[in-house]
Every structure is written in C-alpha cells, then in structure tokens.
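Dear colleague,

Please find below the structure that I promised to hand over. My notes on it follow directly after.

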Amino acid sequence: MEPKIKPKVLFFDVNETLLDLTQMKKQVADALGGNDHLLPLWFTTMLQYSLVMSASGRYEPKGSYR
C-alpha cells in the first residue's frame, strides 16, 4: 500500500464555474470599445494575473489595485 501524500496547495477555479461573469464581460467589452473579439484575451489575462498574485502572496482585496 502506497503512503498517502497530502497536497500543500489547492487551487479552485471559480470564474465561470461558480461566478456568473456575463455582466462583467459586457462591461469589459464596452470599455474595450465594443471589441468583443478581445474578451478571450482579457479573460485569460485576468485569470493569469489573479493566479500569479494569489500564488505569490501578493493578493489585494477588490478595489485596492493601484
């Protein structure tokens, strides 16, 4: 029997799984001048930055970004 190894870190994907981002995407598309084709780039960039900030211990609560 192999020993059980406990993970040190768990990541949970809540964007579009638990959170409905429909309204936010509309607002972002408007901010991008109606360029809906840029939404996939915005979304993947947002996911990357949020993961990097969280994993590096530099998370800041909503609204405190500089």
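What percentage of the 66 residues of the chain count as buried? The figure is 11%, where buried means under 20% relative accessible area, exposed means over 50%, and partly exposed covers what lies in between, with a 1.4 Å probe and protein chains only. Please bear in mind that this is a predicted model, in which local features need pLDDT of at least 70 and side-chain atom pairs count only at pLDDT 80 or more, while totals for chains, interfaces and linings use all residues. Residues are numbered from 1 along each chain as its sequence is written, and side-chain values use heavy atoms, with hydrogens and water left out.

The chain exposes about 6300 Å², of which carbon and sulfur atoms supply 60%; accessible areas come from the Shrake-Rupley method with a 1.4 Å probe, and for residues only the protein chains shown count as cover. Its secondary structure comes to two helices and zero strands, these being DSSP runs numbered from the N terminus (H or I and at least four residues for helices, E and at least two for strands). Helix H2 takes in residues 39-55, and its 17 residues reach 24 Å from the first C-alpha to the last, close to the 24 Å expected, that span being 1.5 Å times one less than the number of residues. After H2 comes Gly57, which has a positive phi near 75°.

Leu39 belongs to H2 and is buried, at a relative accessible area of 15%. Neighbours within four places in sequence aside, Leu39 is in contact with Lys25, Val28 and Ala29, contact meaning heavy atoms within 4.5 Å. The C-alpha atoms of Leu39 and Ala29 are 6.7 Å apart, although the two residues are separated by 10 residues along the chain.

Lys25 also takes part in the one salt bridge of the structure, a term that requires a side-chain nitrogen of Lys or Arg within 4 Å of a carboxyl oxygen of Asp or Glu. The partner is Glu16, with 2.5 Å between the closest N and O atoms. Both residues are partly exposed, Glu16 at 43% and Lys25 at 23%.

The charged end of Lys25 sits over the ring of Phe43, 4.9 Å from its centre; the rule asks for NZ of Lys or CZ of Arg within 6 Å of the ring centre and within 35 degrees of the ring normal. Phe43 is buried, at 13% relative accessibility.

With kind regards
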